[in-house]
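Please read these points with the model open.

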Amino acid sequence: MLQPTNRHTLIDALRPPAAFRLESGMAVTFTLDLKALLAASSALAQTGSSGIIPDGSQYEPIELLHALRANAGKISVFNQVGEIALPPSRRVFAFLEQAVVPVRAPLGGIVHPKIWVLRYETADEPPPGRQKERRLRVLVSSRNLTFDPSWDTVVRLDESDDPKGASLGPVGELFEGLLGAAVGTVSVAHRDRVQSLSAAIKSSRFALPAGVEDLRAHVLGLITAPSPLPRTAERSLIVSPFVSDDFFTRVHPVPVDELVSRPEQLHHLTEATLERVKTWPFAFDDGSLTSLESEEVGASPHDPGRPLVGLHAKIFAFENEGETRLFVGSANATGAAFSSNVEVLLELIGRGRELGIDRLFDGTCDEPGLRRLFVTYHRREDADLEDGPTLVDITRRAIAQLQFDGVVEQSGSGWAVMYRSHEPVCAPVGTEIHCWPLASAGNRRRVVLDECLEARFETTIEAISGFLAFEVARRDDEDTRSGFVVPVSLVGVPESRERCLLRALVGNAERFFRYLLALLDEDPDQMDMIDALDSGSTDPVAFESGYTSMPVLEKLLRTMRREPAKLAGLHPLVTDLAADDALPPGFIELWMAIYDEVDLGASVQ
């Protein structure tokens, strides 16, 4: 049953199983929030504070930095070109530069799936002669990699030894197709990762969700193919935040029993289309606004940074002779979703008593169902209609499809990056465009239109950025603009860049010891690592006097006796920081002396 009170988070779905860690992963999303990708990388490390997002401070939680270094290089994230939201300027995003691959739809629409494919491996080294155990997990969702407060669906499928499990071969074919749809050159690492994971998906079976007797994956938009939706059914229901007339006239030209959408979308449908709905359409109303102002005042309605609220789930349900075919995933009830967009739908097949429309949407006395949020739609002639893409949106998408390169070189006592585009940056007359390295928001430069971009920015080694930020605005409409980010391939990056960046982000010894105390806390899940800065010792003398006079040594020894596995989990972080010369003097010697005495077979007494 789809219950309003039964909500799960994408972060929880990403966490590795107990005793496992991420081996590799790939994902595809329409819009991408780099802050959300930070959270996902942290969740994949299964740290105690994996859901934490950096605030506006100068430093980042150390365990987040370790998670980024451990996992950002293990994932490939494909997203629709031009749909990376402009985040705050932060140096930490440098760790994500190699993870993002912009793509465009082969048939001219948009790349719209929201899928994660994750392969976990056992964290401990196996006995001699044995290999690590690996497990696959696939998440098929309607949620983008953002923090939108919207209603979405997600199906989690874990690898199974049951030969009768579901086959997800088309998902592997999707990612193989995305490699060929990339904007610019795709690295060997991404190609190898995608090919390895795709082959693993094709040869594996996945456990069926409860109540599901069969499951099929449908990929749309790589090639022209017919709709997988059935043409006939005794009863049908469609839930879709976006709708269009051509879906009901061309894709699915048969009446439906119930249609649920957003009122501003239903306003677009003709009377003839509305009459195809046997019961008058419903609007979804959870008490939230149908649209929210962007944090950036004046952002375009289609800006990738604008939050989505209310309905965002896509559900197509068909009942026939006691059997239900339920389609969930990324496709809306629009013509584009079934013709030119790249989309994914999971088809879940089961008996009506388990997957039926009433079973899914109606509630019980104890658990209200989603249907209580359906309200009868009333057409208003004076209703405001949603506008299509503006000139700034069209310009944003055109710029994002250009290929950019960056050359890093020494400049005096610092560094400089020259960003170039392979083709001219074009825009309608009256458009103003500015760009800057994402890590240096105050370093804005106006872009000369109809010429290839050549912009040189002086910087420091820690602020070198492989993300180039843009803002597009119209002089005749100063209240509407769009900000976005374009990944740029850099050459000439100094080998010491990551080490210097890590040292700068970790900060001083005091901060390191505060974080370490929080990580060693008896119940770290109850402590926000950022709040740990305020909850640690407030006596600066205590930090200056060294770690042997602080609670650090005491907690290290207590953890060694009671929770040796916790020290084992922190060991890669500490050794990485030591290798990058980011630890206080003498600490690694103390750490190794304690760690060498750790009995990983010990249990808490």
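1. Terms and basis. Two strands pair if DSSP finds at least two bridges between them. Strands are DSSP runs of E with at least two residues, helices are runs of H or I with at least four, and both are numbered from the N terminus. This is a predicted model: local features need pLDDT of at least 70, side-chain atom pairs count only at pLDDT 80 or more, and totals for chains, interfaces and linings use all residues. Residues are numbered from 1 along each chain as its sequence is written, and side-chain values use heavy atoms, with hydrogens and water left out.

2. Strands 5, 7 and 8. Strand 5 (residues 134–141) runs antiparallel to strand 7 (residues 154–160), with 5 bridges between them. Here serine 141 sits opposite valine 154. Strand 7 also pairs with strand 8 (residues 205–206), again antiparallel, through 2 bridges. Serine 160 has arginine 205 of strand 8 as its bridge partner.

3. Strand 14 (residues 315–320) and strand 15 (residues 323–329) are antiparallel and share 6 bridges. Asparagine 320 has glutamate 323 in strand 15 as its bridge partner.

4. Arginine 561. This residue belongs to helix 16 (residues 551–562). Is arginine 561 buried or exposed? Its relative accessibility is 54%, so arginine 561 counts as exposed (buried is under 20%, exposed over 50%, partly exposed in between; 1.4 Å probe, protein chains only). Its C-alpha atom lies 9.5 Å from that of glutamate 597, 36 residues apart along the chain.

5. Largest cavity. A cavity is a set of points, on a 1 Å grid over the protein atoms alone, where a 1.4 Å probe fits but cannot get out; lining residues have an atom within 4 Å of a point. The largest cavity holds about 90 Å³. It is lined by 13 residues, and those closest to its centre are Leu10, Lys114, Ile115, Trp116 and Arg143. Strand 1 (20–29), strand 4 (114–122) and strand 5 each give two or more residues to this lining.

How values were computed. On a 1 Å grid over the protein atoms alone, a cavity is a set of points where a 1.4 Å probe fits but cannot get out, and a pocket is an open set with protein on both sides within 12 Å along at least five of seven lines; lining residues have an atom within 4 Å of a point. Grid points are joined across faces, edges and corners, and a volume is the space filled by probe spheres set on the points.
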